[in-house]
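The exercises below each set a task and then work through it. Keep the sequence and the 3D view at hand.

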Amino acid sequence: MKTFRDKGSQSISFFAPILTSLGRTTIRWVNELGAMVLFLFRAFLLIFHPKQFPIIIQQVYFIGAKSALIVIFVGLFTGMVLGLQLFHTLVKFGSAGVLGTAVALSLIRELGPVLTAIMITGRAGSSMAAEIGIQRISEQIDALHTMRVDPLRYLVSPRIAASIISFPLLTAFFDLIGILGGFVTGVILMGLNAGTYFHHVRAGVEMEDITGGFAKAVVFAVLVSMICCFQGYYTHLRRDSYGAKAVGLSTTSAVVISCVVILIADYVVTSLLL
Amino acid sequence: MKTPLIEFQKVSKRFNNHVGLDRVDLTIDEGEISTIIGKSGSGKSVLLKHIIGLLTPDEGTILFRGRPIQKMGKSERDGYFSRISYMFQNNALFDSITVFENIALPLRQTTHLSQKAIEERVRARMEQMELTDVAQKYPSELSGGMQKRVALSRALVTDPKMVLFDEPTTGQDVIRRNAILSMIAQYQRQFGFTAVLISHDVPDVFFISNRILALNQGKIIFQGTPEQFEEFEHPLIDEFVQSLEDFQEHLTGIQTKRQFRARNQMGLRRKRPQEGYVVALFTLQDFDQLCEHMGHTLGQEVINAMGTYINKHFGAVGGFSARQSKNQFTTFLPFSNLNEVERILKKFAMDLQEEGLRTIQAEADIPHDLCFPFAILSGFAESKTGEEEIDLVFKKAEASQKEIARVYCEIRR
């Protein structure tokens, strides 16, 4: 009996630290998730403040217009690779004619929203996290408080609003350029008929494919902007580092978490749409 | 009794196991400059952040004109915070927008003024602060002193009733430190706001302060006038102030009032009872106007050069000098009688007029095209050991002051 109790207490003392650590991590994650939801909710409401319009326009220029070039570049080559791969696959089944449909649907439903979101995360999301993080550690956010300017309203809300506007527009841009990329490889390089390609694009794509793609873009916009702003805004609360290093780590976390969340959300939204 | 602008009643704040503020009672009166001094980590910034609302107390009450802030409604609280500005230690300027936009930001974001009205107000403030030339520059392109002026302009653009300065002179040399303090005093008089400063510039900050608050480990250990502080005996204050004053003397060569008093007392103790001594007082007249005309940095260079000149001259006859106020120096002459001092001063006045003023201006590095007519006054008084308080002798010397030298701009040209 004594031996049994000893073994029992030994196994408890072995598992206790693991369970404690697991419990602490879970509580921290749940807390952070709750804080993020509240952060998003408050920031979202503040979008409609009367002084927001000029700041939102500035952010649309930064997040949207300045990301256009990279989206064109990535969209073109994604479409070209897709055209090339699908052409060779479809030829095996004697269905090369439906290349236009295959390229367009792949881009509009999946690749367009996902790759655009990942591209903007890398370019603008990282910048959001770093900029807000530096403003936090250099007391610029405290300065806003002392001037009675709500930092969430001034720094976060315009970025969320600008993302909601920019992501779908850039996704549409990506889709269009990607379809042209598929045209370049499928028609110009592989010799498929141009009329056939565009006919199948038009015939294969339905309105719900486009709205589904845009819905994903809006969901990604909200998630990416919230995660990046949140990571920057709470840089000073990081436990693993301080100062400039904390800003660096917050930026990395913002990009990594955003990319993972984009893929998870993509699956969830797709399963809801289908 | 006048209601204080801000009053702390038993305010406490803890951060985990660290005590930020410990049952602090204090008052800040309207229209005055109050200075908070204390060692690093004694709770000075924590105190300031409670006034601006960046921190809230764990216990106790903060009153604004007798009304507890915690019990104010949203609009009343907004009204309270709108009357306060805060100047951060590191300025906290927005580095991605221009100087103009930095100053305009609080007006753009918190008022309903038209674009034209905002521009006019910002331009007016920039002119007062001599920042017009750098309006379109970014903060990182400016010198430290200029960044301070931008931060001060931003703090003052909303016409606040109270401005809180968190170590406004940190990282500046002696001359610039005094120039910033002088600038704060000038704008405080000009705009009439209540100022609360955190400063380590003992004793220079006393020249502009109406009230001193000393903090140690989150507790107020002294609050009163600078004169009362000079008399206040406390081991922690002595240790803290001594370290700062030693540093100051090392940099300027001029003794502080506290050191002057100690040396003075030692000198008097060595003398026999009823043995005579003389105190001379020198004043740079129209110092504020000189600072406005030449800028605060050059103004401080002039006063510094004047102190060095006086010290050098009277050191030869066993005298020692101290800065008495922002534009006054006192010299203690323990080995001279009234007749000797009269003769020495006459010679000093002649030297000062003939070459001393030129030396002072040259040492202050005043450009040739910049001239401001200023005068130096002097007065002296004799007393005997044990007869009267030294402060009374200073007052007698002050009452007897007359002009001994003057800068004439026409002659310089």
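**Exercise 1.** Find which residues G356(B) is in contact with, leaving aside its neighbours within four places in sequence.

Solution. Step 1: two residues are in contact if their C-beta atoms, placed from the backbone, lie within 7 Å. Step 2: with neighbours within four places in sequence left out, the contacts of G356(B) are Y309(B), D351(B) and A405(B). Helices (H or I, at least four residues) and strands (E, at least two) are DSSP runs, numbered from the N terminus. Step 4: G356(B) counts as buried because it has 21 C-beta neighbours inside 10 Å. The scale is this: a residue is buried with 20 or more other C-beta atoms within 10 Å of its own, exposed with 12 or fewer, and partly exposed in between, C-beta atoms being placed from the backbone. Step 5: I310(B) is 46 residues from G356(B) along the chain, and their C-alpha atoms are separated by 9.5 Å.

The model is predicted: local features need pLDDT of at least 70 and side-chain atom pairs count only at pLDDT 80 or more, while totals for chains, interfaces and linings use all residues. Residues are numbered from 1 along each chain as its sequence is written, and chains are lettered from A and ligands numbered from 1 in the order in which they are written.

**Exercise 2.** Work out the order of the 5 strands in the open sheet of chain B, and follow the pairing from strand to strand.

Solution. Step 1: the order is 12-13-11-14-15, with antiparallel pairing; two strands pair if DSSP finds at least two bridges between them. Step 2: strand 12 (320-325) and strand 15 (402-406) of chain B are the edge strands, each pairing on one side only. Step 3: on average, neighbouring strands of this sheet are turned by 25 degrees against each other, direction ignored. Axes are lines fitted to C-alpha atoms, for helices over the stretch in contact, and angles run from 0 to 180 degrees between N-to-C directions.

Step 1: strand 11 of chain B pairs with strand 13 of chain B over 6 bridges and with strand 14 of chain B over 9 bridges. T283(B) stands opposite Q328(B) in strand 13 of chain B and opposite L377(B) in strand 14 of chain B. Step 5: L377(B) in turn stands opposite E403(B) in strand 15 of chain B; 4 bridges join strand 14 (residues 375-384) to strand 15 of chain B. Step 6: 8 of the 9 residues of strand 11 of chain B are buried. Step 7: helix 13 (residues 390-399) of chain B lies across strand 11 (276-284), strand 13 (328-333) and strand 14 of chain B, at about 135 degrees to strand 14 of chain B.

**Exercise 3.** Decide which residues of helix 2 of chain A are buried, and where they lie around the helix axis.

Solution. Step 1: helix 2 (residues 53-64) of chain A has 12 residues and reaches 15 Å from its first C-alpha to its last, close to the 16 Å expected at 1.5 Å a residue; the expected span is 1.5 Å times one less than the number of residues. Step 2: its buried residues are I55(A), Q59(A), V60(A), I63(A) and G64(A). Step 3: seen down the axis of helix 2 of chain A, these buried residues fall within an arc of 140 degrees, so they line one face of the helix. The arc is that of the directions from the helix axis to the C-beta atoms. Step 4: the face turned away from the buried side of helix 2 of chain A carries the exposed residues P54(A), Q58(A) and Y61(A). Step 5: the buried residues of helix 2 of chain A pack against helix 4 (99-137) and helix 6 (151-189) of chain A.
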